[in-house]
Amino acid sequence: MDGATSTDESTGDVPRRVRLRVPPLLGAAVLMAMSAAGPGFITQTASFTVLYGASFACAVVVSMLIDIAVQLNVWRILGISGQRAQDLASKVFPGAGQILSAFVVLGAIVFNIGNVAGAGLGLHDLLGIDSRIGTAISGCLAIAIFLGKSVFTAVDRVMVVLGLVKIGLIVALVAVTAPPVGEAVVGTVDPQGLPFLPILTLIGGTVGGFITYSGAHRLIDSGITGVGNVSRINRGALTGILVACILRIVLFLGFFGVVATGVHLANPNDAAGSSFLAAFGPVGLHLFGLVFWAAGMTSTIGNSYTTATFLRSYAAPIRRHMNRTVIVLIALATVVFVAAGQTPQSMLVFAGAINGLVLPVGLAIILWVALRRRDLIERYRYPTVLLTVGVAAWLFTAYAAVVSLTSIGSIFH
């Protein structure tokens, strides 16, 4: 094991340091799950929980069901084919790979500014430093991960550790607030006054854009491909989905536990931070800062890596220097935020609308391969049930895309 700690009792050799070893399959699963739980996801969940209470549980469950249908299909098709989404798309329809890549990269670059900014804001709450300084520190730390030789090993370790920190603190929030689970269950099956927008927003922020492909692309880079690895591919997808679902559920329950008490939030514009403050007292803001920083870091790493896997198809230097490409993407997001001091809201709205198109376009290509291009997946007999739930998810996301496009016009008013 690289850098592992062990003691050879027969020779009396000096013990070496033990380091966390993450199997590639788990690394891909955690990358997908943690990329989806960025600062925007935490902020959205807290804000909507405050607005809609127990009824927002319905939106959480719907987003989970869409996630399951999408990821099981994406992981299986890309994994069996051994090709990244843009390369597979180009073999299905001429130009489709370039269009898909353009959507993913554009949305990812804009959102990455928000991710690294979220990490900076997290350090502000955790340590009390200026958010721009926090952003610069976070960007440098993310870049440092890609400077070593064993990049995949480093990324997997960081994502697992930060993911455990994030989940652990959110579980602590649930334990302290003791949310009324029964009310949440009722809200799931009988939501009151819940509009469609929160559901669309949550799906776009947890399944759309680069997130759809992060885990599957990491899987391909690990060499776990082909029909012979179907069971491993499916296990990796299910692991990632399970982690993501647990995170969504406990995050909602934690915020709902605060809302259900009727406590007055110190800052309604920061529902997430105020919830931790209400639950833990003065130390709560520092704990929230740690959660928000971890969320910003994992999403920045996942975003930059996945964006680079799309760009690699179009430039030989990127293929030869993937690490440097990721570093440039992280540095770009960091510099833009530090220089501007904020992420322009119009850019985020525009990127959100673009991401609304990515999911149905990419999923349509994936499902078409399963239905009509079995030559690209080693003539694999695709499960009818999986194809059916995939089509149902596509119909829903196609409708969501139409709705999200209406937000583009508001940007310029």
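The structure is a predicted model, in which local features need pLDDT of at least 70 and side-chain atom pairs count only at pLDDT 80 or more, whereas totals for chains, interfaces and linings use all residues. Residues are numbered from 1 along each chain as its sequence is written, and side-chain values use heavy atoms, with hydrogens and water left out. Helices (H or I, at least four residues) are DSSP runs, numbered from the N terminus.

**Helix packing**

- Two packed helices are described by the angle between their axes and the distance between those axes.
- The crossing of helix 7 and helix 12 is left-handed, a term used if the near helix is turned anticlockwise from the far one by less than a right angle, with right-handed used if clockwise.
- Helix 2 (residues 39-52) and helix 9 (residues 197-206) cross at roughly 165°, with axes that come within 10 Å, and these two helices are therefore roughly antiparallel to each other.
- The crossing of helix 2 and helix 9 is likewise left-handed.

**Salt bridges**

- The structure holds 4 salt bridges, each being a side-chain nitrogen of Lys or Arg within 4 Å of a carboxyl oxygen of Asp or Glu.
- Side chains of opposite charge can pair when their charged atoms come close.
- Arginine 248 forms a salt bridge with aspartate 67, and the closest N and O atoms of this pair are 3.0 Å apart.
- Because arginine 248 lies in helix 11 (residues 230-260) and aspartate 67 in helix 3, the pair ties together parts that are 181 residues apart in sequence.
- Arginine 248 is buried, with a relative accessible area of 3%, and aspartate 67 also counts as buried, at 0% relative accessibility; buried means under 20% relative accessible area, exposed over 50%, and partly exposed in between (1.4 Å probe, protein chains only).
- Aspartate 156 and arginine 218 meet through their side chains in a salt bridge (2.7 Å, N to O), and this pair links distant parts of the chain, with aspartate 156 in helix 7 and arginine 218 in helix 10, 62 residues apart.
- Both aspartate 156 and arginine 218 are buried.
- A salt bridge also joins the side chains of arginine 373 and aspartate 375 (2.9 Å, N to O), where arginine 373 is partly exposed at 23% relative accessibility and aspartate 375 is partly exposed at 38%.

**Buried positions**

- Helix 10 (residues 211-221) is mostly covered, since 10 of its 11 residues are buried, and among them are Tyr213, His217 and Arg218.
- Glycine 79 lies in helix 3 and is buried, with a relative accessible area of 1%.
- Although glycine 79 and isoleucine 377 are 298 residues apart in sequence, their C-alpha atoms are 8.8 Å apart in space.
- Valine 207, placed in the loop between helix 9 and helix 10, is buried with a relative accessible area of 0%.
- The C-alpha atoms of valine 207 and alanine 33 are 9.7 Å apart in space, while the two residues are 174 residues apart in sequence.

**Exposed surface**

- Val61, Leu65 and Ile68 form a nonpolar patch on the surface, with about 220 Å² of accessible area together.
- Patches are made of residues with over 30% relative accessible area and no salt bridge, with like charges joined within 9 Å and nonpolar side chains (Val, Leu, Ile, Met, Phe, Trp, Tyr) within 5 Å, and accessible areas come from the Shrake-Rupley method with a 1.4 Å probe, for which only the protein chains shown count as cover for residues.
- Leucine 65 lies in helix 3 (residues 56-81) and counts as exposed at 53% relative accessibility.

**Backbone with positive phi**

- Most residues other than glycine have a negative phi.
- Alanine 178 has a positive phi near 45°, lies in the loop between helix 7 and helix 8 (181-189), and counts as exposed at 56% relative accessibility.
- Arginine 379, which is not a glycine, has a positive phi of about 55°; arginine 379 is found in the loop between helix 16 (345-372) and helix 17 (384-405) and is exposed at 59% relative accessibility.
- Glycine 223, which follows helix 10, has a positive phi near 85°.

Definitions and conventions:
Axes fitted to C-alpha atoms, helices over the stretch in contact; angles between N-to-C directions. Parallel < 35°, antiparallel > 145°, perpendicular 65-115°, else oblique.
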